Amino acid sequence: MCQHQPACPTADSADREAAQLVAHHPEQGWSLLCNGVLIFEDTGELLPDGRIIAPHRALTAGQVAKAA
């Protein structure tokens, strides 16, 4: 898929999110990378073969719940 030189990481690479954007739709919460990966604003991913990568965003201090 990728026509860039050097080529972007493949969808199977650990650094797949470093591929260049092909389409960006922040109003819908997703972007398409040139390696065929759909990335979502919650950091989840959909790979071209249908595999799902669960969201993996880091929690900020304000989002961490403390047990009482």
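User: In which part of the chain is the place of Asn35?

Analyst: This is a predicted model, in which local features need pLDDT of at least 70, side-chain atom pairs count only at pLDDT 80 or more, and totals for chains, interfaces and linings use all residues. Residues are numbered from 1 along each chain as its sequence is written, and side-chain values use heavy atoms, with hydrogens and water left out. Strands here are DSSP runs of E with at least two residues, and helices are runs of H or I with at least four, numbered from the N terminus. By that rule, strand 3 covers 38–40, and Asn35 has its place in the loop between strand 2 and strand 3.

User: Is Asn35 buried or exposed?

Analyst: A residue is called buried under 20% relative accessible area, exposed over 50% and partly exposed in between, using a 1.4 Å probe and protein chains only. The side chain of Asn35 reaches the backbone oxygen of Pro9 at 3.0 Å. Because its relative accessible area is 8%, Asn35 counts as buried.

User: The side chain of which residue is joined to that of Ser31 by a polar contact?

Analyst: Ser31 lies in strand 2, which spans residues 30–33, and with 6% relative accessibility Ser31 is buried. Contact means heavy atoms within 4.5 Å, and beyond four places in sequence Ser31 is in contact with several residues, including Leu21, Ala23 and Val37. A polar contact is a pair of N or O atoms within 3.5 Å, where within protein one must be able to donate a hydrogen and the other to accept it, and residues adjacent in sequence count only if both atoms are side-chain atoms. At 2.6 Å, such a contact joins the side chain of Ser31 to that of His24.

User: How many residues does the largest nonpolar core have?

Analyst: A nonpolar core is a set of buried Ala, Val, Leu, Ile, Met, Phe, Trp, Tyr and Cys residues joined through side-chain atoms within 4.5 Å. One of the members of the largest core is Cys8, and Cys8 touches Cys2, Ala19, Gln20 and Cys34 when residues up to four places away in sequence are not counted. Together with Cys8, the core holds Ala11, Ala19, Leu33, Cys34, Val37 and Leu47, and the number of residues is seven.

User: Is Ile52 buried or exposed?

Analyst: Ile52 is found in strand 5, which covers residues 52–53. Since its relative accessibility is 68%, Ile52 counts as exposed.
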